[in-house]
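Work through the exercises below with the sequence and the coordinates open. Try each task before you read its solution.

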Amino acid sequence: MNLTVFALTGAALVGLGVYGLIARVHMLRRIMAFNLIGSGLFLFFGAAGARGVGLDPIPQALIITGIVVALSASALAVGLVVALARSSGTACLPDEAGDT
Amino acid sequence: MTALISWLVLPLFAALAAIALPSRARLPAALLGVGLTVVASIWLTIEVWNTGAVTVSLGGWRPPIGIALRADGLGAALGVMTALVMVAVALAARHELAAKVAGPRIGFGFWPLMLLLWAALNAVYVARDLFNLYVGLELITLTAVALVAISGKAAAIAAALRYLLFALAGSLLYLAGVVLTYAAHGTLDISLLAARTVAPGDALALGLMTAGLLVKTALFPFHVWLPPAHSAAPAPASALLSALVPKASLLILLRIWFEAMPELATPMTQSALASLGALAVIWGGVLALLQSRLKLIVAYSTVAQLGYIFLVFPLAGGDGAAQPWAAGAWTGAIFQMLAHGLAKAAMFLAAGIYIAAIGSDRLGDMRGLARALPMTGFAFALASITLLGLPPSAGFTAKYLMMTAAFASGQWAWALVPAGGGLLAAAYLYRPLSAIFARDTALTPRPIPWAWQTVPLVLAALSVALGLLSSIPFEFLQIGRPEQAAEGL
Amino acid sequence: MSLVLDMALCALILGVGLATVAGHGVFRAVIFFITYGLLLAIGWARLGAYDVALAEAAISAGLTGVLLLAAHGRLRRLRAAEEAPLRPNLPAALVATGIALALGWAWFALPDPTAPDLTAALPQSGVGNPVTAVLLNFRAWDTLLEAIILLAALIGLWMLARDRAWDNPLGLRYHARAGGVMASFGRVLPPIGLIFGIYLVWAGAEMTGGAFQGGTVLAAVCLVSIMADVLPAPRIAQPAWRLALVFGPGVFLLSGVAGAVFAQGFLALPPELAKPAIVTIEAALTLSIAVTLVLLVIGPPDEGGQDA
Amino acid sequence: MTTTLPLLLLMTSLLPAAVTFFLAQDSHILRNTLQLGGAVIKLGLIVWMLFAVATGATYEAEFPLAPGLVILLRIDALALLFISLSGALWLLTTIYAIAYFGTKAELSRFFGFFSLCVAATTGLALSGSLISFFIFFELLTLSTWPLVAHKQNKPSLAAAKVYFTYALPGSAALLWAIIWLESATGPVLFTEPPDLSGLDPAALRAIFALFIIGVGVKAALVPLHGWLPAAMAAPAPVSALLHAVAVVKAGAFGVVRIVYDVFGAENMTALGVGVPLAIVASVTIVWGSFRALQQDEIKKRLAFSTVSQVSYIVLGAALASPLAMIGGLVHLVHQGLMKITLFFCAGIYDERAGIKRIEGLNGMGKQMPWTSACFSIGAMGMIGLPPLAGFISKFYLGLGAMEAGAPWVLAVLLASTLLNAAYFLPLLYRLWFLPRAEDARGDERASGLVLPAVVTAAATLGVGLLAASPISPLGWATLIVTQGYGP
């Protein structure tokens, strides 16, 4: 039952992240939303890996790898957002800048 | 096995060397790495040809504990195509992106990014583990995004950011599918998954993975990120992005549909994928027709050309072994991947030469360039023949195989896609060609070294030669071919 | 009781997550995001996944948070930190709900759990912590590529520098006031952090911890030192820094090749040598990860004292 | 030797093409040697092969690309007829082109594509299967495009564009037809007529129509002929090549192959597609002649004349009677000889006297007697005056029409002959009977231009006079048809 709570929380976090990724136009928001989706998926994964006898270490290892990958992507994305703001004065993509 | 491992680690070593070494040693190290990796890829191809698909369990741990790699005909063939494109790009970049010309920043960064991209592509071509494929895809994404942004222009930064946004969304969708797959089956190995008992969530997992990969492959309607990104990069980078990067996600699509979960394919899903492909052919072609910059035309043509490959889903196998061309569509789709890779790289490198010569890629400025740079014009024309699917190019082999499969399986309507797409390609490629070959010259071009001019010509010639000599690659692609490629989904 | 606790925790996580997405103001969203990461780490601990908890806290909440805060600061100077208020977006809501419901459904549709049987493999892995065994032995190829991804992100980030700034020191100039909090922090904190970071790597073999977690702590130490002017800001042209970046992946790769030459295959570790090999690889990786993370946080070389 | 000879035949034009592309603009001697050498060797090989085939040798070379996609080169009687024609005329056109261009610009490019074009025609002639035919058919399209665009001025580029606009949909139709047909029959070889029973008549009719559209573009069947008059913007040697040796001929040759080797006369009659094809051919014959009458530019007039004349070959094939077939096949050669003579002469008038329009011909008979004599022979042959080549063709076509029970064709032939006379005789009148304009200039001090015209004019006369001999084109055509070839 406890696992179900975590798994469903994960699913809900994914939903929240997806909403943020689509509805938010500021790119820092989108980077956070992306991380929210990722961590929600991982939570779901972790809960699934804990269902058996003892904790399955493979999902944990995959999640740690995933966290580092997400960090790498976030770092590059953040750099791009700053570069975008430097060159065009906005942290939103060109065709969406009107929404700010 | 040694060949496979060298082919994987050599570009990585070369990339690390390019980062660590001082600037004067960087280019020699990178070029040495390129050369050695090419040798390794040829070695691997010979090994696969002689002994069949090469399988390795990394670290001695067999799946599901460890990760397996398997170089089959498909993976090795893409590896050779990648090696050819990489050599060409390296030779062009030596002129175009040298630190003296492009500044110390690009002179530093291009080489490790290119080599890391190469390593990641190779890793994806042979990976048998869905999560390992995810890691490989992410390495491809990050290097590709960096290559888009490398010019530093405002448009490039925006295009790179948009690309990253789409690519990350695609990665997450794919990852969601991977998570569901592991949760249900306790393994991520493609071969083990093929033997699994189907779980109710598998269709969802396959759907999520497919959606993610479609975004990364820029299939219509997820293509909006591709043209600005591919046209904003410097030409050698564009060549890598257009010729190679979408092939990785396409390959994974083939792997999961044909090898891991073939039993989940339904006529409706197959038709849906192929319909999107057909729309991509039309939409990409029409938009290419409307562009006035060479690189944008070439980039939109990528959207269209990738569309053909999706016909493989309903067509693979056709009537199965009863027809002499069983597996025709599957092999045709791979021929299309190879032909497009070579031809598209040639086109972008040719565009790079034009930009270096006159500082612009507007069609109006390019008038009459064939006079000063005949080899480049010829290269562009040869590459066009491949994209049009005219004989004797490899594009024709692909088109022929797909069309015969369409008729042989009684789904002749799909044959309209390559037939019509070829005409559309003729229409959108005619404009740059007639500009290049016009008599009046708009601008006086700067001289371009002879060695640089030959690079796109050789690539374009290879895309034609692949068609002329297609019987050997055809046979090679059958090595380790999944049964479903012959029998249909 | 524990169920109630978990439900409360999850509710809190969801609430903070919602605030991150829907709350007002980017800066506040970042703060919520960091809080969210820390709460999630507690959640991981509740699940018994202590390695993940540590990674979540250090990397997701800590480093990503710092990255976002630094970026927000730069955006504010560039007048790009403001945003439009959130307008309800029905299609987005439908997509989001659809995906969340699909995942929820998938949870209940999961067949009985199956996991690979590691009992025979673990004793041969050379380490007692099964997560470390997976990361550095069974699935070492993933981990190697992951270290490379981190490096690729850094090279990509550097490509965003302006050409005329390429030879400048990395990042913006921070100047700690002499005798200020930062300066004293910068002198006191590093030794403690250094020891903690090294401990995490060492412990990782048998207990919770590992190269990425340890590397993050070391990175934090290094960052504080640079910000406190104890360490000079690095430049790309300095070979020692670049060497430090590739050292870990290089050692990992070389040991993998050594496995191919001397043992059963690429990335293979003979059981009797597995432990020292893994500790060596982890130590080298930790150094490189720490340096990479530091450089990722301080960003590409920038012009002058201020963004302009 | 049985496999190498077809490959050698291809190589005699492919190798010069490959080398010529990379030659410097001013290495005239090397380039001309390559071109002429290739042409002479090819002609020699053809002559040798003629003797060898007469003694029963067979030649076949196979080059598989993918399952079902095999390039098959095979020499049969029909292939020999076409390849002899193109081989002989290529040599003459090469001589003519070298003299015509002299030291003009971009010659390496021109002669590279020129040889490639001939290589494609050779491959087309030797193709033993439908798909190889298609491959060389496309190669022909691609290699002639740069020739049409050669001058790179506005009209040439526009002409080249028009050419592509017609050719590419044409080849799409052809490919579609081939794949549709082969999906039911397997790969189609010209030696073994395919078993068409697997397809219903409606599908077969559609396939036949697609085939005719595909090759009909090149054969300039009305209404697919629009590109041919436009292509007049190309230099004279290219026109000669397009009209007499390669492109238009390839289309007509394709019609013959499809009618007789793919469908067969019986099936064609059973499907009821022969008569519609004959009607299309007849319309083309009359319409082309009619349009020729309205042209005041010499080359345009000749172009529409080609539209009309080539359809005699199609008509011969469509009538499905042995005599008509003989007439059609022999016209394949005869029209080539006559039309190339006319284009050679038109080029000489243009190049040596600056004459482009028919008014310029006034009185040129005395000024340029050799050219004008050749032109006259060609024109009279086209009209069908005995004993010239054209007469033989029309005579056999007429006989064939009676044999096939289609007497209306006689009316078409008659109308066409009258129209031919109406658009050619005024030219002859101008040449020989009208006074020369005061400022007229012109000379024939260019043996490289005049000699080929004289040779082909003599041949026009010769093949008519010697029609009864077994080695004449008529003899060959009769042999082909009576050997069980055709109906």
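## Exercise 1: Which chains meet

Chain A and chain D do not touch, and their nearest C-alpha atoms are 38 Å apart. Contact here means that the C-beta atoms of two residues, placed from the backbone, lie within 7 Å. The model is predicted: local features need pLDDT of at least 70, side-chain atom pairs count only at pLDDT 80 or more, and totals for chains, interfaces and linings use all residues. Residues are numbered from 1 along each chain as its sequence is written, while chains are lettered from A and ligands numbered from 1 in the order in which they are written.

**Task.** Which chains have the most contacts among the 4 pairs that touch?

**Solution.** 
1. Chains A and C have the most contacts among the 4 touching pairs.
2. Chain C and chain D do not touch; 37 Å separates their nearest C-alpha atoms.
3. In the A–C pair, 67 residues of chain A are in contact with 76 residues of chain C.
4. On chain A, helix H1 (2-23), helix H2 (27-49) and helix H3 (57-88) each supply at least two residues of that side. Helices are DSSP runs of H or I with at least four residues, strands are runs of E with at least two, and both are numbered from the N terminus.
5. H3(A) gives the most, with 23 residues.
6. The side of chain A that touches chain C has 43 nonpolar, 18 polar and 6 charged residues. Nonpolar covers Ala, Val, Leu, Ile, Met, Phe, Trp, Tyr, Cys and Pro; charged covers Asp, Glu, Lys and Arg; the others, Gly among them, are polar.

## Exercise 2: The side of chain B that touches chain A

**Task.** Which helix of chain B gives the largest share of the side that touches chain A?

**Solution.** 
1. Here 23 residues of chain B are in contact with 26 residues of chain A.
2. Helix H6 (130-149) and helix H7 (154-185) of chain B each supply at least two residues of this side.
3. H7(B) gives the largest share, 16 residues.
4. By class, this side of chain B has 21 nonpolar, no polar and 2 charged residues.

## Exercise 3: Chain D as a whole

**Task.** What does the radius of gyration of chain D say against the globule rule?

**Solution.** 
1. Chain D has 19 helices and 2 strands.
2. Its radius of gyration is 21 Å, close to the 23 Å that the globule rule gives for 487 residues, so chain D is as compact as a globular protein of that length. The radius is taken over C-alpha atoms, and the rule is 2.2 Å times the number of residues to the power 0.38.
3. The C-alpha trace of chain D spans about 70 × 55 × 45 Å along its principal axes.
4. Of the 487 residues of chain D, 61% count as buried. Buried means 20 or more other C-beta atoms within 10 Å of the residue's own, exposed means 12 or fewer, and partly exposed lies in between; C-beta atoms are placed from the backbone.

## Exercise 4: Backbone details in chain D

**Task.** Where is Ala220(D) placed, and is Ala220(D) buried or exposed?

**Solution.** 
1. Ala220(D) is in the loop between H7 and H8 of chain D.
2. Phi of Ala220(D) is near 60°, a positive value in a residue other than glycine.
3. Ala220(D) counts as buried, because it has 31 C-beta neighbours inside 10 Å.
4. Pro223(D) is found in the loop between helix H7 (201-219) and helix H8 (227-230) of chain D.
5. The peptide bond from Val222(D) to Pro223(D) is cis, with omega near 10°.
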